[in-house]
Amino acid sequence: MIRLLSIIGFLTCLAVGMILASKIPVEGTTYPDSTVPFAVVVATSIVFLILWRKSEQSSDYSAEQGSLNSNQVKHILKTSINTLETIHQKGIDNATLTRLETISLDIAKIIDSRISIQKDLGLESVSMLFCDLAYSERSINRGVSMLLDGYENKNEISELIRKAALQLKYTCEGMNSN
Amino acid sequence: MEQSHYREVTVAAVLLGIVQGIILNLAFVYAALKLGFSIGGSTVAAIMGYALLKGVLKKGTSIENNINQTIASGINTAGTGVVFTFPAVFMLSSHMNLDIDIIPYMIAAAAGSVLGVVFIIPLRKQMIDIDRLRFPSGVAVTTIIRSGSSGFSKAKLLGIGFIISAAWKLLLASHLLDIPGVLEHEEFNFGFSIIPDYLYPVLYLSLMNIAAGLLAGKGGIPFFMGGAAAWWIVSPSIVALDWVNAEQAQPVIYSSMLRPLGIGALIGGAIIGVIMTFPAIKAAITSVIQAGKNKVSSDELSGKVMGIGIGLALLLLGLAAYSSQSVSIGQTILISFVGVIWLALAALIVAQATGMTDISPMSGMALITVTIVMFILDKNVSVSMIIAVAVCVAIGQAADMMQDLKTGFMLGGSPAKQQMVQFGVTWLGGIVSVVAIYILWKAGPGGTGGFGEGTSLPAPQAGVLLGIVEGLSTGNIPIDKYVLGGIIGAILGFAPVSGIGVMVGLGMYLPFSITLAYGLGCLLQILFEKIKGKHFCAHKLVPFAAGLIIGEAIMGIGFAFYQILSSGGF
């Protein structure tokens with residue numbers, strides 16, 4: 001309830017601030033005569049903003065239904081690593097493309113759970129996680145492009161998949177160290 | 001690991017990109033002078049690349065085509081920045097007796113091209129890897145590049161979207177559906193004399209615009225909210241308070257109140273956004289540094305390249321300013337540093353706005369640039385316009401490069417290679433368009449006046465800038481709106497919703513008809529996701545929306561050429 005009220009209060013103050021800021025100054029002045037009331041509503045909006053930020057930190061409101069926590073993220077990463085290593089060991093076949101696309105969808109779930117993971121790990125660690133994850137995603141995307149383009153050098157695709165698995169391991173290690 | 005034989009940066013891709021880029025640049029510069037709007041070339045380049053690299057050479061790959069479209073759109077986009085600003089210099093010359101030497105403008109355009117690419121090096125990690133911004137046009141180009149090989153169903157949806165959008169654009173552009181006062185200029189006025197004009201009851205009927213909203217989804221809602229707050233709360237309040245005449249409220253509220261406030265909010269929101277996301281920026285920089293040490297993930301351009309690029313651009317910007325009229329060495333150094341710092345911020349704002357909404361607030365950034373430089377250089381119009389050319393080219397490049405890098409990410413291309421090729425050839429675009437505009441001006445009677453009001457090339461965008469510069473030189477600057485808007489944007493920037501300051505500012509700055517159509521797209525995406533699920537959105541809605549974007553772009557280009565040819569041709 002505090003969160004909702006603080007958001008409503010914040011947005012209302014800013015809307016009033018916008019109205020007051022819109023007034024055109026009279027000839028010969030730089031600022032309109034509504035500047036003082038503007039400053040007052042802006043100061044009030046800051047109070048509501050502080051309340052909003054505090055309620056955000058102490059609640060689970062921002063985490064959407066179905067969002068993953070950091071343990072579930074680790075589980076997805078480990079499963080993806082296993083799948084990639086299996087592909088690398090067994091070689092490229094007709095099912096490889098589907099498997100890679102499944103991994104991409106799993107990683108997308110991690111990306112969608114950003115807010116809840118951020119609550120667990122903090123902004124800097126989540127940013128590092130996403131940076132590291134992006135390296136693996138790029139390799140996987142490249143593998144998908146190669147397969148869709150009908151690239152014939154299967155060893156190179158396999159090697160790329162091994163690299164993606166290594167990058168995911170590196171991401172996992174980074175998460176564990178946090 | 002042995003050398004990869006998977007084609008990426010090849011002579012064919014680079015040459016095709018350069019040739020397409022120059023052709024598109026010249027064509028779109030002419031079209032922009034004629035019609036008043038410019039067109040992105042990524043989609044055309046990607047389709048041509050697909051046809052030539054895969055169809056003719058029979059060995060093209062997706063990421064090779066991405067290199068081709070990166071180069072082509074980079075060269076083409078430089079022209080957009082130039083055509084928005086440089087023609088105003090010629091038009092000013094007849095009003096203000098300015099001597100024009102095109103060399104400083106060529107140098108400025110080249111400096112802008114380099115800087116736009118340089119500032120993207122750290123922003124790429126931040127916006128694509130960490131913030132995961134959507135970049136709708138980047139997604140659309142990926143869909144084109146993959147359309148031939150990612151299954152018939154996606155290609156079919158892309159094709160359906162293309163046909164619907166192209167047909168719709170054709171109907172609108174041919175004025176067959178026009179009803180005076182209700183449906184004109186591709187906009188639907190649903191006020192019907194019942195809803196007052198100051199509530200802006202107008203919907204832009206662009207399917208491309210709605211499709212950008214479809215791709216952005218709930219991430220685009222703050223943008224819509226900014227526009228809705230401006231026109232459904234602020235505007236009627238202003239009228240109720242009797243601060244404007246209700247009869248002519250809409251244009252005054254937009255041009256004198258909401259637009260400058262929106263520009264201020266954009267800048268304030270962007271500055272605080274940088275401060276608030278500092279931990280993420282730190283992580284991005286750490287990741288770039290670690291990438292160099294970590295053998296499994298070394299695909300980044302180093303900070304050294306960025307340093308060299310900034311040094312080169314500083315030098316070029318200084319050279320461009322110094323080679324113009326009446327500027328001292330001290331002013332040159334000052335303007336070079338201020339120009340580069342402002343440019344970094346403008347690139348950040350534009351890249352973020354494009355990433356979230358697909359819309360680039362280039363005119364607002366040009367306006368602020370001219371204001372800053374005229375303030376520093378005591379209303380020196382010549383140098384202000386030189387710096388404005390550099391900034392417009394740079395921010396156009398930044399936005400385009402980010403879209404291309406998003407495509408590269410989704411295809412698995414190397415960002416370092418993409419940035420290096422763009423770095424290597426993009427300067428060509430600025431120079432080509434400066435020379436083209438100079439020739440067109442000289443083609444007028446008596447060697448001047450080849451474009452502008454009363455000619456076959458009215459140059460509407462430059463006309464707007466001309467009006468602004470003339471207003472600024474008489475001291476007509478809405479400083480209060482920029483400052484108060486900046487405070488609103490800054491406070492929004494502290495809210496726990498990423499990028500809300502920039503988005504709300506952009507919503508206030510743009511005509512509401514655009515924001516409304518975009519918001520409709522966002523709401524539709526949310527509805528589809530709720531009813532049909534995420535899988536449907538990812539595999540059905542994305543290719544369909546991409547088709548809508550491409551269809552309108554291609555038909556828009558075709559129609560522009562038809563209009564040019566039917567009114568006297570080239």
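Helix α21 (residues 512–532) of chain B lies across strands β2 and β3 of that chain, running at about 65 degrees to β3(B). Axes are lines fitted to C-alpha atoms, for helices over the stretch in contact, and angles run from 0 to 180 degrees between N-to-C directions. Helices (H or I, at least four residues) and strands (E, at least two) are DSSP runs, numbered from the N terminus. The model is predicted, and local features need pLDDT of at least 70, side-chain atom pairs count only at pLDDT 80 or more, and totals for chains, interfaces and linings use all residues. Residues are numbered from 1 along each chain as its sequence is written, while chains are lettered from A and ligands numbered from 1 in the order in which they are written.

The sheet of chain B is open and consists of 3 strands in the order β1-β2-β3, with antiparallel pairing. Two strands are taken as paired if DSSP finds at least two bridges between them; β2 (residues 187–189) of chain B is joined to the antiparallel β3(B) by 3 bridges. Within this arrangement, B:Phe188 stands opposite B:Leu203 of β3(B).

Two histidines of chain B have a positive phi. Most residues other than glycine have a negative phi. B:His175, in the loop between α7 (152–173) and β1 of chain B, has a phi near 65 degrees. B:His185, in the loop between β1 and β2 of chain B, has a phi of about 50 degrees. A residue is buried if 20 or more other C-beta atoms lie within 10 Å of its own, exposed if 12 or fewer, and partly exposed in between, with C-beta atoms placed from the backbone. B:His175 is exposed, with 11 other C-beta atoms within 10 Å, and B:His185 counts as exposed with 12 such neighbours inside 10 Å. A positive phi, near 75 degrees, is also found at B:Asp358, which follows α13(B). The 29 residues of helix α13 (residues 329–357) of chain B should span 42 Å at 1.5 Å a residue, and the end C-alpha atoms are 41 Å apart, which agrees; the expected span is 1.5 Å times one less than the number of residues.

Chain B as a whole contains 22 helices and 3 strands. The radius of gyration is taken over C-alpha atoms, and the globule rule is 2.2 Å times the number of residues to the power 0.38. For the 570 residues of chain B, a compact globule would have a radius near 25 Å, and the value of 23 Å agrees with this. The C-alpha trace spans about 65 × 60 × 55 Å along the principal axes of chain B, and 59% of the residues of chain B count as buried.

A nonpolar core is a set of buried Ala, Val, Leu, Ile, Met, Phe, Trp, Tyr and Cys residues joined through C-beta atoms within 7 Å. The largest such core has 210 residues, and B:Ala109, B:Val389 and B:Ala390 have the most contacts inside it. Helix α15 (residues 381–411) of chain B contributes the largest share of this core, 21 residues. Another core, of 35 residues, lies apart from it and includes A:Leu84, A:Ile92, A:Met128 and A:Ala164.

Chain A has 7 helices and 0 strands. Its radius of gyration is 25 Å, whereas a compact globule of 178 residues would have one near 16 Å. The C-alpha trace of chain A spans about 75 × 40 × 25 Å along its principal axes, and 41% of the residues of chain A count as buried. Helix α7(A) has 24 residues and reaches 35 Å from its first C-alpha to its last, close to the 34 Å expected at 1.5 Å a residue. Among the buried residues of α7(A) are A:Ile157, A:Leu160, A:Ala164 and A:Met175, and their cover includes α3 (70–90) and α6 of chain A.

The contact between the chains takes 48 residues from chain A and 49 residues from chain B, two residues being in contact if their C-beta atoms, placed from the backbone, lie within 7 Å. On the side of chain A that touches chain B, α1 (2–22), α2 (35–57), α6 (123–148) and α7 (154–177) of chain A each supply at least two residues. Helix α6(A) gives the most to this side, with 17 residues.
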